[in-house]
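Biologist: I am new to this structure. Could you walk me through it, feature by feature?

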Amino acid sequence: MSHKNVLAVDFGASSGRVMLGNFDGSRLSIQEIHRFPNDPVILNGTMYWDFLRLFYEVKQGLMKAKRYGKIDSIGVDTWGVDFGLIDKEGNLLENPVHYRDARTAGMLEKSFGKMDKDRFYQITGSQFMEINTVFQLLALLEKRPGLLEGTSRLLLMPDLFNYYLCGAQVSEYSIASTTQMLDARTKMWSKEVLESLGIPERILSGIVPCGTRLGFIKNGICQELGIEPMEVIAVAGHDTQSALAAVPARDKDFIFISCGTWSLFGTELDEPVINGLSERLNITNEGGCQGKISFLKNIIGLWLIQESRRQWIREGKEYSFGHLEQMAADAKPFKALIDPDAPEFVPAGNIPERIRRYCRESGQRVPENEAEIVRCIDESLAFKYRMTLEEIKMCTGREYPAIHMVGGGTQSGLLCQMTANACHCPVIAGPVEATVLGNAAMQLLATGELRDLDQVRSVAGASAKVSIYEPKDTDQWEQVYGQYKKMLE
């Protein structure tokens, strides 16, 4: 079998990478060829993504890739829910707005005045989060209706990149499922949701499965950059689903945590779980590769540490993530705990001060320094994972012998060990670069180099290092967990 070179473009909430994947028939090696920041821009009170700069950086990655020989294909994955609007000439109407922008405040409750909440969940099976696409569109309908009137097409972020690369206007299934406008059972846009909320169906594209071959990079781009044509493939556009494709699980039933800025905690199913219990627990059914359903919960993750670090840098304290972890490891355990998903932790800003305020108002000892803040975050995340594990098991009626933890968060051995301790089961950590591996491997699946999702996972497991963390000190963690649950009641 000949070697294949593919490019995986992976956008996170704070940076982006263009990664080269080389497949030799059994192993997939990856290397970074271009990295760049992905900083939001606040202009006139609105927080935007700088799409023009991001597309420029993709082009820089394409030019750098020339030195590695022929590139067969390219795939793009990004965060969920956000989108760009284009007019009938194909022009971007404005930079996409960041999901952390304040425009969606109050839209969740307003939607329930237009559509029954239970019915809303029964159709979409989606976790209610005010950042979701549907609530962003409600905000536009209320505050800027003229913008939607001039819109020919709404394209979610990976679809927007694909469109400007090759001209295809489609919605890939996994990213479409983050909108809360998709019928989880039919895997099509829900006319009932759209009509109830007044969202024009005409602006939405047809939905295509993950692994769809969209065409080749536009001739104009090839000429501009001096590159040879390469195929554009709609991989799992939502980065969570690209990461899930690379979970090296051998059992059909497994639990995963895709751990980064957000922690996506769940399991993979053949069909959605939509009932009164899953609605009460606010668990989502997200579309995945080869038509699978990810039954999962979105938990605010390492955003809390990332944003805390940014605050400390503003204060003149330049800590590396490794230094912060070591400081936290040396701190006294269980001094204070938080609910990572409390609404005050969603916006950017002074997270350490908000944590201190949360602890003060909940009658706990207040973390006094950086080490105690990070320790508080890590322990709270581990306990939130335990709560979510119990909720998933209640809904599926299944047991899970281990937790597969993938993504950048696995570089924190402290968090991995705490998760094993809190959940009373082993944590299999890795691959760190699960999203990129999944992106690249799904390109290989689309072009026939790999057979199915099982082989994708087999190749990912053979191509990356994993570490196993066995649970420790479980009696102590169990005692504190009981206190944590009562605090959140």
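Modeller: One term before we start: contact means heavy atoms within 4.5 Å. Keep in mind that this is a predicted model.

Biologist: Let me try the term, then. Which residues does Thr 104 touch, not counting residues up to four places away in sequence?
Modeller: Thr 104 touches Glu 130, Phe 135 and Gln 136, with residues up to four places away in sequence left out. Thr 104 sits in the loop between β7 and α2.

Biologist: Does Thr 104 count as buried or exposed?
Modeller: Buried means under 20% relative accessible area. Thr 104 has 7% relative accessibility, so it counts as buried.

Biologist: Now the sheet. What is the order of the strands in the open sheet of six?
Modeller: The order is β3-β2-β1-β6-β14-β13, and the pairing is mixed. β3 and β13 are the edge strands, each pairing on one side only. On average, neighbouring strands are turned by 25 degrees against each other, direction ignored.

Biologist: How do I read the two faces of a strand? Which residues of β14 lie on each side?
Modeller: In a regular strand the side chains alternate between the two faces of the sheet. In β14, Glu 231 and Ile 233 are on one side, with Val 232 and Ala 234 on the other. These residues are all buried, and both faces of the strand are covered.

Biologist: What lies across β1, β2, β3 and β6?
Modeller: Helix α1, residues 51-64, lies across them. Helix α1 runs at about 135 degrees to β3. Helix α17 also packs on the sheet, touching β1, β2, β3, β6, β13 and β14. The direction of α17 makes about 135 degrees with that of β1.

Biologist: Helices pack on helices too. At what angle do α17 and α18 pack?
Modeller: The angle is about 135 degrees, and the axes are 10 Å apart. That makes α17 oblique to α18. The crossing of α17 past α18 is right-handed. From α17, the contact uses Leu 437, Ala 441, Met 442 and Leu 445. From α18 come Leu 453, Val 456, Ala 460 and Ser 463. By class, this contact has seven nonpolar, one polar and no charged residues.

Biologist: And where do α15 and α19 stand, at what angle?
Modeller: Helix α15, residues 370-396, packs against helix α19, residues 474-488, at about 80 degrees. Their axes are 10 Å apart. That makes α15 roughly perpendicular to α19. Among the contact residues are Phe 383 and Met 387 of α15, and Trp 477 and Tyr 481 of α19. By class, the contact has eight nonpolar, one polar and six charged residues.

Biologist: How many of the residues of helix α6 are buried?
Modeller: An α-helix has 3.6 residues a turn, so residues three or four places apart point the same way. In α6, 10 of its 10 residues are buried. They include Met 157, Asp 159 and Tyr 164. Gly 167 follows α6, with a positive phi near 95 degrees.

Biologist: What should I look for in backbone angles?
Modeller: Most residues other than glycine have a negative phi, and most peptide bonds are trans. Now Asn 44: its phi is positive, about 55 degrees, although it is not a glycine. Asn 44 sits in the loop between β4 and β5. At 79% relative accessibility, Asn 44 counts as exposed. Lys 187 also has a positive phi, near 60 degrees. Lys 187 is in the loop between β10 and β11. With a relative accessible area of 28%, Lys 187 is partly exposed.

Biologist: Which residues does a cis peptide bond join?
Modeller: Gly 430 and Pro 431, with omega at about 5 degrees. Pro 431 is found in the loop between β20 and α17.

Note on methods:
Residues are numbered from 1 along each chain as its sequence is written. This is a predicted model: local features need pLDDT of at least 70, side-chain atom pairs count only at pLDDT 80 or more; totals for chains, interfaces and linings use all residues. Side-chain values use heavy atoms; hydrogens and water are left out. Buried means under 20% relative accessible area, exposed over 50%, partly exposed in between (1.4 Å probe, protein chains only). Helices (H or I, at least four residues) and strands (E, at least two) are DSSP runs, numbered from the N terminus. Axes are lines fitted to C-alpha atoms, for helices over the stretch in contact, and angles run from 0 to 180 degrees between N-to-C directions. Angles under 35 degrees count as roughly parallel, over 145 as roughly antiparallel, 65 to 115 as roughly perpendicular and the rest as oblique. A crossing is left-handed if the near helix is turned anticlockwise from the far one by less than a right angle, and right-handed if clockwise. Ala, Val, Leu, Ile, Met, Phe, Trp, Tyr, Cys and Pro count as nonpolar, Asp, Glu, Lys and Arg as charged, and the others, Gly among them, as polar. Two strands pair if DSSP finds at least two bridges between them.
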